[in-house]
Amino acid sequence: MKPAKALGFATRAIHSGQEPDPLTGAVTVPIYPTSTYVQQGIGEHKGYEYSRVSNPTRTRLEENLAALEGGVAARVYSSGMAAIHAIVSMLKSGDHLVCGNDLYGGTPRLFNQVMADFGLEFTYVDTTEPENVERAIQKNTRMVYVETPTNPLMRISDLAAIATISKRKKVNLVVDNTFMSPYFQQPIALGADLVVHSTTKFLNGHSDGLGGVVVCAKPEHAEKLAFLQKATGAILSPFECWLVLRGVKTLAARMEIHDRSGRIVADFLAKHKKVKAVFYPGLAAHPQHALAKRQMSGFGSMITFETGSLKNANKMLKRLGVCSLGESLGGVETLISHPATMTHAALGEKGRQAIGITDGMVRISVGIEDVHDILDDLDQALSAI
Ligand SMILES: Cc1ncc(COP(=O)(O)O)c(C=O)c1O
């Protein structure tokens, strides 16, 4: 087969790291539920010694995800938060990070309520203006940490511009690419050093397992993360690696449907008289629509909309049928969440107000059901307001 770089995205998703099993020819990667490996003599083995360090099913998933993001290597973890924790574990007390001010709520919770006690320092800025990132970089800054589009406000940051600043200032750029998946956005090609995902979302795609991945552009980061994973142990189990390997085979096909239906649902909501505002980068009225078009090859299926109040949001959410109220995204099923009481509860009311998250906001992850059923369900639910 051609080298991975020369293959199309869907081909890499199905074949990179997913080569037939050399022993039997099985077309799917075997699950190796083993803790250890028999060695032929002292220091003589087949490349595997102990499954906290490495496992063949995990190796295959890491090869696959590195090929999809265009990195040199990847490490997979027991959750997205474990992956983010691994990234900041590369730093030491007194180091500083410049972070987006509209991140998934669990990320600032980890930074402020856990890592700050280990001496890491954080400054949060609106990364939609690259100058804010530049201004916030200090002598002890080691990383810039960006999510784009943001969660839940769907603001877009210019990755190429932030990467140029980060390179000039000699700090590493980390991008959480969970919302777009590598199918629609390629941060490493735009200059990022590390890409993180909650594989729980689009990469797995079937809402049947948690996981996280860090993809590295530089071999020294891959080595450091391998050491840290061996030392700290937050691995993804062979079975859950296999679930992601299975899910990722259909990533390209799923993302196409997510994107197509996402655009239809966003247009429907934008025209609905009960909806006060819609946040979706695919709408021409989105403030960074032009940047989104340039930076991403699709707009995805994450949409936030304003129902006006907590009472309205609750009335509507209680009426859902095809769509489900639940705290996740990126699955084949349409999931709707309420950021103020779910993903962003940890920010507190003041924290939410500061970045514009209201009690009436509802976030939808449009699934791949028949889109007319999703529209009918939203319409009947909105009629309760
Ligand atoms: C953008 C983003 N990053 C990271 C995470 C954390 O991932 P996990 O729930 O797999 O720990 C989430 C979870 O919702 C997320 O939405």
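Angles between axes under 35 degrees count as roughly parallel, over 145 as roughly antiparallel, 65 to 115 as roughly perpendicular and the rest as oblique. The model on display is predicted, so local features are described only at pLDDT of at least 70 and side-chain atom pairs only at pLDDT 80 or more, while totals for chains, interfaces and linings use all residues. Residues are numbered from 1 along each chain as its sequence is written, and side-chain values use heavy atoms, with hydrogens and water left out.

**Stop 1: α10 and α14**

Select residues 251-271, helix α10, together with residues 371-382, helix α14. Helices (H or I, at least four residues) and strands (E, at least two) are DSSP runs, numbered from the N terminus. The two axes come within 10 Å and cross at roughly 25°; α10 and α14 are therefore roughly parallel to each other. Axes are lines fitted to C-alpha atoms, for helices over the stretch in contact, and angles run from 0 to 180 degrees between N-to-C directions.

The crossing is right-handed. A crossing is right-handed if the near helix is turned clockwise from the far one by less than a right angle, and left-handed if anticlockwise.

Now show the side chains. On α10, display S261, I264, V265, F268 and L269; they meet V371, I374, L375, L378, D379 and L382 of α14. Contact means heavy atoms within 4.5 Å. By class, this contact has nine nonpolar, one polar and one charged residues. Ala, Val, Leu, Ile, Met, Phe, Trp, Tyr, Cys and Pro count as nonpolar, Asp, Glu, Lys and Arg as charged, and the others, Gly among them, as polar.

**Stop 2: the nonpolar cores**

Next select V265, L269, I303, F305, I336 and L378, the residues with the most contacts inside the largest nonpolar core, which has 57 residues. Helix α10 gives the most to this core, with six residues. A nonpolar core is a set of buried Ala, Val, Leu, Ile, Met, Phe, Trp, Tyr and Cys residues joined through side-chain atoms within 4.5 Å. Buried means under 20% relative accessible area, exposed over 50%, partly exposed in between (1.4 Å probe, protein chains only).

Centre the view on I303. Residues up to four places away in sequence aside, I303 touches G262, V265, A266, L269, V278, F279, Y280, V362, R363, I364 and V366. A second, separate core of 27 residues includes I84, V174, L194 and A222.

**Stop 3: α3 and α4**

The crossing here is right-handed. M81, I84, H85 and V88 of α3 make the contact with G106, T107, L110 and F111 of α4. These residues divide into five nonpolar, three polar and no charged.

**Stop 4: α2 and α9**

Select helix α2 (residues 56-69) and helix α9 (residues 238-248), which pack at an angle of about 35° with their axes 9 Å apart. Here α2 passes α9 in a left-handed crossing. From α2, T57, R58, R60, L61, N64, L65 and L68 meet P238, C241, W242, V244, L245 and V248 in α9. The contact has nine nonpolar, two polar and two charged residues.

**Stop 5**

Select V133 in helix α5 (residues 130-136). At 0% relative accessibility, V133 counts as buried. Beyond its neighbours within four places in sequence, V133 is in contact with V98, V125, T127, V144 and I162. Its C-alpha atom is 8.7 Å from that of S166, 33 residues apart along the chain.

Then select K311 in helix α12 (residues 310-318). K311 is exposed, with a relative accessible area of 62%. K311 and D359 are 48 residues apart in sequence and 8.7 Å apart in space, C-alpha to C-alpha.

**Stop 6: backbone geometry**

Most residues other than glycine have a negative phi, and most peptide bonds are trans. Select T148 and P149: the peptide bond between them is cis, with omega near 0°. P149 is in the loop between β4 (141-147) and α6 (159-168). P152 is also in the loop between β4 and α6, and a cis peptide bond with omega about 10° joins N151 to P152.

K170, in the loop between α6 and β5 (172-176), has a positive phi near 60° and is exposed, with a relative accessible area of 75%. S181, in helix α7 (residues 181-184), has a positive phi of about 65° and is buried, with a relative accessible area of 1%.
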